[in-house]
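Subject: Structure handover

Hi,

Here is the structure for you to look through. My notes on what turned up in it follow below.

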Amino acid sequence: MSAAPLPLRELQLRLRELIANARGLAPHEVERLVAELPVAGDERLSAAGRVAIYAEMYFLRLHDALAEDYGALRCSLGDERFARLVRAYLVRHPSDSPSLRDLGRHLPGFLEHHPELLDAPWQQDLARFEWALVEAFDAVDEPVLRPDDLAALAPEAWPALDVRPVRSLRLVATSAPVDDARERLLRGEELGDVPRATLWLRVWRQGWQVFHRRVDELEFAALDWLRGGGVTFADLCEWLAARVGDDAAAGEALKLLRRWLADELLVARASA
C-alpha cells in the first residue's frame, strides 16, 4: 500500500528546505531526502539531479545578491574565495526573508569570527564599510535642517534647538583606508599591501546618492553621541566644552553645525 501523498504546503516547505540546503549535504543524503518526496526523474536526469539544478540556481541567486552588496570585498578575494565565503556564510545565516535586502546583514559580524575566510584583517573593515553604504541607501527619507531654517530662528531659541542626525547616518571606525581601497578595487586596480591607519568614516545619503567622508575622532564621537537622541544645541556645546574647553566649545559647535548643514546631515526642530 503506497503512502498517502503529502499535503501541498508540507511538500512545498520540505522541497524548499532541501533546495536551500542541498549544497551543504553529501550526494547520498540528497538522494535519500529526494526519495522521500514525489519528485520524478527521467532518462536524462534523476530526481536528485533535478533538485541539484534548483539548488545551484538558488545558491547563485543568493551569491549574486551578496556580490552586489559586497562588490569590493568580492574583488579583493577573487571569485573562487568569495564563493567559498558565501557558502560558509549561508550555512550559518541562511536566507530568512522573501526579500534579499537583508541577506548580508550578518556578514561583517560573521567575518569577525571567521578570519580564516579572508586574506587580510582589513577586509573585515571593508565589509563593515560596504554594509554601511547599503544601509544608508535604504534608510528612511527625512526632511533635513537647512541654513534658512536657522536664519529664521530667534537667538533665544538656539540653546533649545533639538539636533539629531538623519537616520541614514552610519559611522564606521576602521584600521585601514578601506574607503580608498574600495574605490580602487571597483576600478579594477591591484591593491598590493593595504597600510594600517586608524580612520573614522561617516556614511549618509543625500537624495538618491550615498556619500562618505573621513572625519576626525571628535566629530565621529559627537555624531555617535547625537544618535542617542534628545540633544539640544546647548547640550552639544556642553559636551564639546568637556572635550575642547569652554573657550573653544561654541566655535567648534558652529563649525560642526555648518558642515553638517552643508551635508544635509541633520534633522532638527526648535523645542516647544
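**The start of α10**

At the start of α10, a side-chain oxygen of Asp216 comes to within 3.2 Å of the backbone nitrogen of Leu218. The side chain of Asp216 also reaches the backbone nitrogen of Glu219, at 2.8 Å. Both are polar contacts, meaning a pair of N or O atoms within 3.5 Å; within protein, one must be able to donate a hydrogen and the other to accept it, and residues adjacent in sequence count only if both atoms are side-chain atoms. Asp216 lies in the loop between β4 and α10. Asp216 counts as partly exposed because its relative accessibility is 42%.

A word on the source. This is a predicted model: local features need pLDDT of at least 70, side-chain atom pairs count only at pLDDT 80 or more, and totals for chains, interfaces and linings use all residues. Residues are numbered from 1 along each chain as its sequence is written, and side-chain values use heavy atoms, with hydrogens and water left out.

**The buried side of α10**

Helix α10 covers residues 217-226, and its buried residues are Glu219, Phe220, Ala222, Leu223 and Leu226. Why do they sit on the same side of α10? They cover an arc of only 165 degrees around the axis, which puts them on that same side. The arc is that of the directions from the helix axis to the C-beta atoms. What covers these residues includes the strands β1 (161-165), β2 (170-174), β3 (199-206) and β4 (209-215). The helices α11 (233-244) and α12 (246-262) are also among the cover.

**Overall make-up**

The protein has twelve helices and five strands. Both are DSSP runs, numbered from the N terminus: helices are H or I with at least four residues, strands E with at least two. Buried residues make up 41% of the 272 residues. Of the contacts with a separation of 6 or more, 66% are between residues 24 or more positions apart. Contact means heavy atoms within 4.5 Å.

The largest nonpolar core has 39 residues, and Leu73 and Trp122 touch the most other members. Such a core is a set of buried Ala, Val, Leu, Ile, Met, Phe, Trp, Tyr and Cys residues joined through side-chain atoms within 4.5 Å. Helix α7 gives the most to this core, with nine residues. A second, separate core of 32 residues includes Leu153, Leu161, Phe220 and Phe233.

Ser76 is in helix α4. Ser76 is buried, with a relative accessible area of 16%. A polar atom of its side chain lies 2.8 Å from the backbone oxygen of Leu73. Leaving out residues up to four places away in sequence, Ser76 touches Asp119, Trp122, Gln123, Leu126 and Leu185. With neighbours within four places set aside, Trp122 has contacts that include Ser76, Ala176, Val178 and Leu191.

**Aromatic rings**

How many aromatic pairs does a search of the whole structure find? It finds five. Rings of Phe, Tyr and Trp (its six-membered ring) pair if their centres lie within 6.5 Å; planes under 30 degrees apart count as stacked, over 60 as edge-to-face and the rest as tilted.

Tyr70 and Trp131 are stacked, at 6.1 Å centre to centre and 15 degrees between the planes. Tyr70 lies in the loop between α3 and α4 and Trp131 in helix α7, so the pair ties together parts 61 residues apart in sequence. Both residues are buried.

Trp158 and Phe233 are edge-to-face, at 5.4 Å and 75 degrees. Trp158 lies in the loop between α8 and β1 and Phe233 in helix α11, so this pair ties together parts 75 residues apart in sequence.

**Glu142**

Glu142 is in the loop between α7 and α8. At 16% relative accessibility, Glu142 counts as buried. Its side chain makes a polar contact with the side chain of Arg164, at 3.1 Å. A polar atom of the Glu142 side chain also lies 2.6 Å from the backbone nitrogen of Arg167.

Best wishes

Definitions and conventions. Buried < 20%, exposed > 50% of the residue type's maximum accessible area, 1.4 Å probe, protein only.
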